[in-house]
Amino acid sequence: MSDPDNADLAAAKMGAIRQAAAQGDAHAQFELGHMTARGEGVTRDKAEGARWIGRAAEQGHVDAQFLLAGLYLMGDGVAQSAQESGIWLEKAANQGHTEAQYLLGLMREDGDGCDIDPADAVSWYSQAADQDHAGAQYRLAQLKEHGVGCEIDLTEAFKWYRRAALQDYPDAREDLLGLCRAHPDLPLPVSELLDGKGRS
């Protein structure tokens with residue numbers, strides 16, 4: 001296909017996306033916003049891109065909500081606001097977005113743009129950990145081991161360190177071995193834990 005044909009095809013595609021976005025299609029709004037913010041097939045305009053992403057987010061488009069949270073966090077195309085970032089992150093997290101759940105856990109643990117709330121951090125980490133997010137599994141293990149935001153639960157810490165270690169998450173294997181050395185009465189031998197055998 002010649003370059004003029006490719007250009008016509010790209011223009012037709014962009015026209016279709018614009019039309020669908022203008023008619024309220026959330027996925028098209030998200031796509032148009034993403035393309036506009038990055039300058040893909042259209043003049044780059046971060047503010048305009050953010051506006052389209054915001055429209056999709058307001059309609060419940062989970063990826064738009066997550067991306068909008070990032071834009072507010074960085075002040076990219078919108079006024080920087082950790083608080084606004086947290087609002088959109090929570091909307092995405094409530095829809096099961098794993099990375100949003102993990103990042104919301106970090107925000108609640110550290111107090112970034114919100115009050116420090118270790119118990120809430122445990123809750124968000126738990127949801128992300130159940131979806132195999134290695135970072136959330138590791139943070140959850142640490143909180144369970146030290147009783148931050150929850151009761152000390154070495155069996156749970158053991159389980160989550162193991163799951164993070166099996167995904168080669170940095171420091172998880174070392175912390176798991178440290179936990180086992182400090183508490184030799186834990187239920188499974190390290191050799192079984194690290195090769196994926198044994199109970200979850």
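**Notes on a predicted helical model**

1. Confidence comes before anything else. This is a predicted model, and the chain averages a pLDDT of 90, with 90% of the residues scoring at least 70. Among the elements of the chain, the highest mean pLDDT, 98, belongs to helix H8 (residues 134–146), while helix H11 (residues 190–194) has the lowest, at 52. Where pLDDT is low, the predicted coordinates should not be read in detail. Please keep that in mind when you look at H11, given its mean of 52.

2. Next, the main core. The largest nonpolar core has 23 residues, and those with the most contacts inside it are Tyr 125, Ala 136, Leu 140, Phe 158, Tyr 161, Leu 176 and Leu 179. H7, H8, H9 and H10 are the elements that give two or more residues to this core. Which of them gives the most? H9 does, with six residues.

3. As background to both points, nonpolar side chains in soluble globular proteins tend to be buried together.

4. Helix H5 deserves a paragraph of its own. H5 covers residues 82–94, 13 residues in total, and from its first C-alpha to its last it reaches 18 Å, close to the 18 Å expected at 1.5 Å a residue. Its buried residues are Ser 85, Gly 86, Trp 88, Leu 89, Ala 92 and Ala 93. An α-helix has 3.6 residues a turn, so residues three or four places apart point the same way. That is a handy guide when you view the buried positions of H5, among them Ser 85, Trp 88 and Ala 92. What do the buried residues of H5 pack against? Their partners are helix H3 (46–58), helix H4 (62–74), helix H6 (98–110) and helix H7 (118–130). After H5 comes Gly 96, with a positive phi near 90°.

5. On to the aromatic rings. The count comes to three aromatic pairs. In one of them, the ring centres of Tyr 102 and Tyr 125 are 6.1 Å apart and the planes are at 40°, so the pair is tilted. Because Tyr 102 lies in helix H6 and Tyr 125 in helix H7, this pair ties together parts that are 23 residues apart in sequence. Tyr 102 counts as buried at 11% relative accessibility, and Tyr 125 is buried with a relative accessible area of 0%. Tyr 138, Tyr 161 and Tyr 169 form one aromatic cluster.

6. Two arginines sit over tryptophan rings. Arg 55 lies over the face of Trp 52, 4.4 Å from the ring centre. Arg 163 has its charged end over the ring of Trp 160, at 4.7 Å from the centre.

7. Finally, a loop with some backbone geometry to check. Most residues other than glycine have a negative phi. Asp 168, however, has a positive phi near 60°, and Asp 171 has a positive phi near 75°. Where do they lie? Asp 168 is in the loop between helix H9 (154–166) and helix H10 (172–182), and Asp 171 is in the loop between H9 and H10 as well. Asp 168 counts as exposed because its relative accessibility is 62%, whereas Asp 171, at 46%, counts as partly exposed.

Notes: Residues numbered from 1 in each chain as written. Predicted model: local features only at pLDDT ≥ 70, side-chain atom pairs only at ≥ 80, totals over all residues. Heavy atoms only, no water. Helix = DSSP H or I, 4+ residues; strand = E, 2+ residues; numbered from the N terminus. Expected span 1.5 Å × (residues − 1). Buried < 20%, exposed > 50% of the residue type's maximum accessible area, 1.4 Å probe, protein only. Contact = heavy atoms within 4.5 Å. pLDDT = per-residue confidence, 0-100. Core = buried A, V, L, I, M, F, W, Y, C linked by side-chain atoms within 4.5 Å. Phe/Tyr/Trp six-rings, centres within 6.5 Å; stacked < 30°, edge-to-face > 60°. Lys NZ or Arg CZ within 6 Å of the ring centre and 35° of its normal.
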